[in-house]
Amino acid sequence: MTTVDDPARGRDDVTASVVGSPAGGIGVLARAEDVQLMGEMEGSGYRTPPALARRGDGQVIQLTPVLYAVLDAIDGHRTVEQVAERVSNTLGKSVTADNVQTLVETNLRPAGLLVDAEGRQPDVEKSQPLLGLRFRVAVTDPEKTRRLTGPFARLFNPLIVTAVLAGFLVMCWWVLFVKGLGSATHQAFEKPGLLAMVFAVTVLSAGFHEFGHAAAARRGGAVPGVMGAGVYLVWPAFYTDVTDSYRLGRVGRVRTDLGGLYFNAITALVVSGVWWVSGYDAWLLVVATQILQMIRQLTPLVRFDGYHVLADLTGVPDLFHRIKPTLLGALPWNWRKAESQVLKPWARAVVTVWVVVVTPLLLLSLITMTLAFPRIVGTAWVALSKQQHLMVAAFADGDALAVSGRALSMVAVAFPVLAIIVMLARLVRQTTRAAWKRTEDRPVGRATAALLAAAMAAALGLAWWPHADTYRPIMAYERGTLLDAVQTFPLARPAPTGLATGQRGEIVTAWADDDARPTRGRPQLAMVLVPRGTETAESWVFPFDKPLEPDVGDNQALAVNTHDGTIRYDVAFALIWVEDDSPALQRNESYAFASCNGCAAVSIAFQVVLVTGDNHVAAPQNIAAAVNDDCVNCLTYALATQLFATLDGPLSDAGNDEIARLWGEIAAFGANIADVPLSEIHDRLNAFEEEILAIIEKEQGPLTSSTPTPSSPPAETPSPGGTPTPPSDGPTTDPSDGSGTQSGAPTDDPTPAPEPSTEPTSDPSPAGG
């Protein structure tokens, strides 16, 4: 015997006609009031099709053939012996009075289908599943429902259905792929009255959706019951009692399931006609809302229309009740048990797939909702405060309509929070009751359950404890993934790390009390606090992108200083040979950036590119940039010097030896460049260039018609943010340097603080190629 619950669509709130009434007499059995026998379920997915009976409170009960035969034989006049005789004739096998009495006491009376021995009506508790409809309010009684929905049953004529669906598909294609919703959205927000009408029609269409279920049930020959509204999960929902559709075959039940979606399509077509007549594009938003409602209703995970379609196609109306038997039946030692064989093979396969998909999704949803609840509360609190201020302002202006609107907004904001609280409270209550009942007379099991409950309560308390970010409002730019929700749990939060491109992390920043806090839409520069010993993972604090890493054959020096009272050097020397007609696209880059107090950043890049053979592609680049950002008494110095020379051919062994010897001197100079005054570095590099050219010209003659004139020493330009200097375009030597100084910065001594550290940030030894 199984209880059938389909609260989302309302298949369980109905009052049936009186089938039997209590009667006097010793041993006389009687049904409870308003119990209705619905017969065997057609198109069932069970190996033995169950029979259905409905209690007076609307609850539908699945019965085995024997139990149904006993209930059918009980009419309020027959004794136990007479019922046994009637059942024996119906089933064609012997059933004794003791058998009937056992079935009555262990099954039918506990299910609330019979009166007790004294003739009193049973005191039954209606099933309240966690995913059921709650807080129901009936709007129409069964008679009004039948009268209102009767005319709409004609809309299920096959010709009309074909025309409506064809028109709906054409309209969807035109709105989504041809017309678009841009003008509709703009017009709706430009004219709030149209937006309000769109909202009102969308809400009313949800009620019209329920008319579709009732009319479809009428079309198949079933009798719909009450219509009303309630709360499903955390949202308001309409419902229609179509429990009587269980009398129908598979086609009739599926028609009832899809009747609401069919009426959504009708709504979309009617609204399209209104748009055609009025010319207001905003009406097309209703077409979009109907499409979204239909997609949501087709979801088979919870008790939406898609769930009922799947249940009626498989002939298993109690899918959620099959979760536990399906999971237990998947265990190898349960494969041959009778409980695992009650469904037909194809129905069992479909239900198993549904269980495997739905169970983890529901668990993940529950975990996410529980962990994210503090963030939801924080968001709702901020929204309520905002709406309260707006309502007070509207009240002061005497705008009653605005006051009403803000009050409704506050209710809408508070509703999800209250609904989640109610849902979690129901879950705790039902779980506690079930555990208490199952562990009765089992002290060890009850103690284990108590310890488990205490551990879960402690974990929940830790997750909801008011830490720094626990109740932080949810922002528009947040992704809201499951990982983000889990990270709200204190023990799961990662330790603060440096930020890197493409990665998420945390870092400490400092803000003045009076400064406006940055947002994603309005980013601002921040003071980043980096602990000692983490310089290698230093955060990028400048208002521009970090220079790209050099490619193969390129040379780059990058000196970055964000530490007060220090000097940072970065030196990169490279000798490049280009042969065999390879393109000469080498880049020489020098960057010096500083954002600190009493500090300096010095960057020196020196590159020599020697091209031998016939080369037809030559586009070398030489770049230097020195930038001070939010610096006080600081200096940045960047020097990029590039020598690019085309040789007639390879040098001799003696020439190569001289180049190698000279490059050894250049490397030693680079290794000790921190001891060289900035005013001398440029001249020394020019001298090295001239020595290299002299070695080449000694073997191959003059490289140009005239010896190039070395560029002048770098100039230091006071600038609050530093001034990048573009590369020079000399044909043979290409020195490029940039420097920036703050007020009070030295122009020839990069030591702005007493005894600064002069160790470079990386190995200053020049790179050779």
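Colleague: Is Arg-147 buried or exposed?

Modeller: In this predicted model, Arg-147 counts as exposed because its relative accessibility is 53%, and its side chain meets that of Glu-143 in a salt bridge at 4.0 Å, N to O. Glu-143 has 43% relative accessibility and so counts as partly exposed.

Colleague: How many residues apart are Glu-143 and Arg-147 in helix H4?

Modeller: They are 4 residues apart in helix H4 (residues 142-149), which means about one helical turn separates them. Glu-143 and Arg-147 also belong, with Arg-146, to a network of salt bridges.

Colleague: And which parts does the pair Lys-698 and Glu-658 tie together?

Modeller: The side chains of Lys-698 and Glu-658 form a salt bridge of 3.6 Å, N to O; because Lys-698 lies in helix H17 and Glu-658 in helix H16, the pair links parts that are 40 residues apart in sequence. Lys-698 is exposed at 65% relative accessible area, whereas Glu-658 is partly exposed at 25%.

Colleague: Changing topic, which residues touch the most other members of the largest nonpolar core?

Modeller: Phe-573, Ile-604 and Leu-685 do, in a core of 33 residues. Elements giving two or more residues to this core include strands S11 (567-578) and S13 (600-612) and helix H16 (653-671), while H17 gives the most, with 8 residues.

Colleague: What does Leu-685 touch?

Modeller: Leaving aside residues up to four places away in sequence, Leu-685 touches Phe-573, Ile-604, Phe-606, Leu-639, Thr-641 and Phe-669. There is also a second, separate core of 27 residues, which includes Met-171 and Leu-261.

Note on methods: Residues are numbered from 1 along each chain as its sequence is written. This is a predicted model: local features need pLDDT of at least 70, side-chain atom pairs count only at pLDDT 80 or more; totals for chains, interfaces and linings use all residues. Side-chain values use heavy atoms; hydrogens and water are left out. A nonpolar core is a set of buried Ala, Val, Leu, Ile, Met, Phe, Trp, Tyr and Cys residues joined through side-chain atoms within 4.5 Å. Buried means under 20% relative accessible area, exposed over 50%, partly exposed in between (1.4 Å probe, protein chains only). Contact means heavy atoms within 4.5 Å.
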